[in-house]
Amino acid sequence: MKSFRFKNVLMCSALLCVIINAGCSKVEELPAEAEELVPAGSLSANDDDPYDDSRYIYSQLSDKEKEYYDIIRDAAFNFEEKAVFPEALDPDTLRKLYVSVYYQEEELFWLSSMFYRPAAPADTLMLSYRFTADEADQMKTEIAARTDEIFGGFDENTSDYEKLKAFHDALVLGCTFSMDTDYANTVYGALCDGYAQCEGYAFAYDYLCSRAGIDCFTVSGTNSEGALHAWNIVKLDDMWYNVDCTWDDPILDPVDTDFIRYYYFLAADSDISGVTHFPDNSYFTYPICSSGENYYRREGYYAESGDEGAELLKKAALDALSCGRKDAGVRFSDEKAYKNAVSKLFDNGGIKQVFAEINGESDIRINEKKYVRYLNDEEFIIHITMISE
């Protein structure tokens, strides 16, 4: 178990959270004559990892589009300079196919986001790469080692929910949002380099789910301010859910690398779609995420009243301390219950009683006067970060 550590900071109940909402990349277009290609390598597709044609985005393609998708994918696996098709395809179709491969084949982390649009229908598509084949081989070795490390905590009794949470936690705690790295938009950046932007987080989560046999894919779109963003949709117990590891890993002031939250873990569309997250539906329709079985319900931190919320916040805090964590949160069923709890805990001093009870039941003593609170008025969540004495 991870040792329990607190930051040596003194903070009162104030919101000191900054979420980076911008900076994710998209598939960019360049005229075909402007390409600068990495020399072709000899890396071939992994025979032990056959392509799964049941994946969600792929399943929406026509039979012919699937055939041409496979041509692009296989060419990229082999670092070929171009994908060659049996007939000329119009530029818009080529772009759709390239976008499909780029966002669904997260293991092709070496494939560039640059789309080289031909001026007219063409039977070839130029490809470019972020890394050479030799560089990609070394990076694949590191990715495999990190993946084995994460999966090493599982056994035959580990549920898919527990795996999804472990993947989320590994990325939130092991990665920091950054655009200033060559790996920012890749699985390698999020899993191994420790720095990534939203595409890197999403591709890495997709990659881990794929290795666990859990249906997942990356969604591209924007946030409420129109900035580019990427997140995941994942399938659990035959229901679809949104997961956004990037937004569960905000940049805090002061920096706190141990901070973790679950606002966007197993979120319903009603929580985020068209509110904070706007998927790009140019080429695909996405499954409806209608289940309310989010993290807080599954963990028993879902309150119907202010009084129940105070009790559950204590439970969440004790659970966190027992696992070496210092963050705890409760979600409320409606605005009335949420506001009642905010008033009870923070306006009328109820949080002091909660902390006193925690100290009476835990071997780890926390400061009853100094803490950080985060209030999510959109999803009715109270989150606290505890500080040791």
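Predicted model: local features only at pLDDT ≥ 70, side-chain atom pairs only at ≥ 80, totals over all residues.
Strand 10 covers residues 239-243, and its antiparallel partner here is strand 9, residues 228-236, the two being joined over 5 bridges. As background for those of you new to this, the strands of a sheet pair through backbone hydrogen bonds, and they may do so in a parallel or an antiparallel way.

If we now step back to the whole sheet, we find that it is open and has 5 strands, which are antiparallel in their pairing and follow the order 12-10-9-8-13. At its edges lie strand 12, residues 265-267, and strand 13, residues 277-279, each of which pairs on one side only. On average, and with direction ignored, neighbouring strands of the sheet are turned by 50° against each other.

Which helices lie across these strands? Helix 5, made of residues 160-174, lies across strands 9 and 12, and runs at about 115° to strand 12, whereas helix 7, residues 198-211, lies across strands 8, 9, 10 and 12, and runs at about 15° to strand 9.

Finally, I would like to turn to a pair of helices, helix 10 (residues 306-322) and helix 11 (residues 335-347), which pack at an angle of about 65° with their axes 8 Å apart. Helix 10 contributes Gly306, Asp307, Ala310 and Leu313 to the contact, while the residues from helix 11 include Ala337 and Lys344. Taken together, the residues of this contact divide into 5 nonpolar, 2 polar and 2 charged.

Conventions:
Residues numbered from 1 in each chain as written. Heavy atoms only, no water. Pairing = 2+ DSSP bridges. Helix = DSSP H or I, 4+ residues; strand = E, 2+ residues; numbered from the N terminus. Axes fitted to C-alpha atoms, helices over the stretch in contact; angles between N-to-C directions. Contact = heavy atoms within 4.5 Å. Nonpolar A, V, L, I, M, F, W, Y, C, P; charged D, E, K, R; others polar.
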